[in-house]
Amino acid sequence: MLTVNIICIGKLKEKYWVDAIKEYSKRLGAFCKFSIIELSECKTNQDPNEKQIAHILEEEGKSILAKIKPTDYTVCLLYTSDAADDLI
């Protein structure tokens, strides 16, 4: 059976998102083994500079890569407000 793992940084906090994920997981269960792996965000101060942001992104990237096996088929999904602006 196909295994689908979504690896993300940060935890879902809003109840409606948690409920949506549960429903989505239940529906996908007939077709694949589905899981979401939520990794901890790196700690930062209130107003990080560019060097600190780059360091945080590098550390979070390493934690994501640690969860990916060499034999995994990998697709990178990135959502930012800037990316959404490009779609309009």
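Buried here means under 20% relative accessible area, exposed means over 50%, and partly exposed lies in between (1.4 Å probe, protein chains only). This is a predicted model, in which local features need pLDDT of at least 70 and side-chain atom pairs count only at pLDDT 80 or more, while totals for chains, interfaces and linings use all residues. Residues are numbered from 1 along each chain as its sequence is written, and side-chain values use heavy atoms, with hydrogens and water left out.

**View 1. The whole chain, from end to end.** Starting at the N terminus, the elements follow the order β-α-β-α-α, giving 3 helices and 2 strands. Helices (H or I, at least four residues) and strands (E, at least two) are DSSP runs, numbered from the N terminus. Of the 88 residues, 8% count as buried.

View 2. Rings of Phe, Tyr and Trp (its six-membered ring) pair if their centres lie within 6.5 Å; planes under 30 degrees apart count as stacked, over 60 as edge-to-face and the rest as tilted. Y24 and F34 are edge-to-face, with 5.7 Å from centre to centre and 85° between the planes. Y24 sits in helix α1 (residues 15-28) and F34 in strand β2 (residues 32-39), so the pair links distant parts of the chain, 10 residues apart. F34 is buried, at 15% relative accessibility, whereas Y24 is partly exposed, at 46%.

**View 3. Neighbouring rings, Y16 and W17.** Here the ring centres are 5.5 Å apart and the planes stand at 40°, so this pair is tilted. Have a look at the surface too: Y16 is exposed, with a relative accessible area of 54%, and W17 is partly exposed, with 43%.

View 4. A salt bridge is a side-chain nitrogen of Lys or Arg within 4 Å of a carboxyl oxygen of Asp or Glu; the whole structure holds 5 of them. R27 and E23 meet at 2.8 Å, N to O. The two residues are 4 apart in helix α1, so about one helical turn separates them. R27 is exposed, at 58%, and E23 is partly exposed, at 31%. Through shared partners, salt bridges join E23, K26 and R27 into one network.

**View 5. K62 and its two partners in helix α2 (residues 50-66)****.** K62 bridges to E58, with the closest N and O atoms 3.5 Å apart, and to E59, where the corresponding distance is 3.8 Å. K62 and E58 are 4 residues apart, or about one helical turn. Both K62 and E58 are partly exposed, and E59 is partly exposed at 30% relative accessibility.
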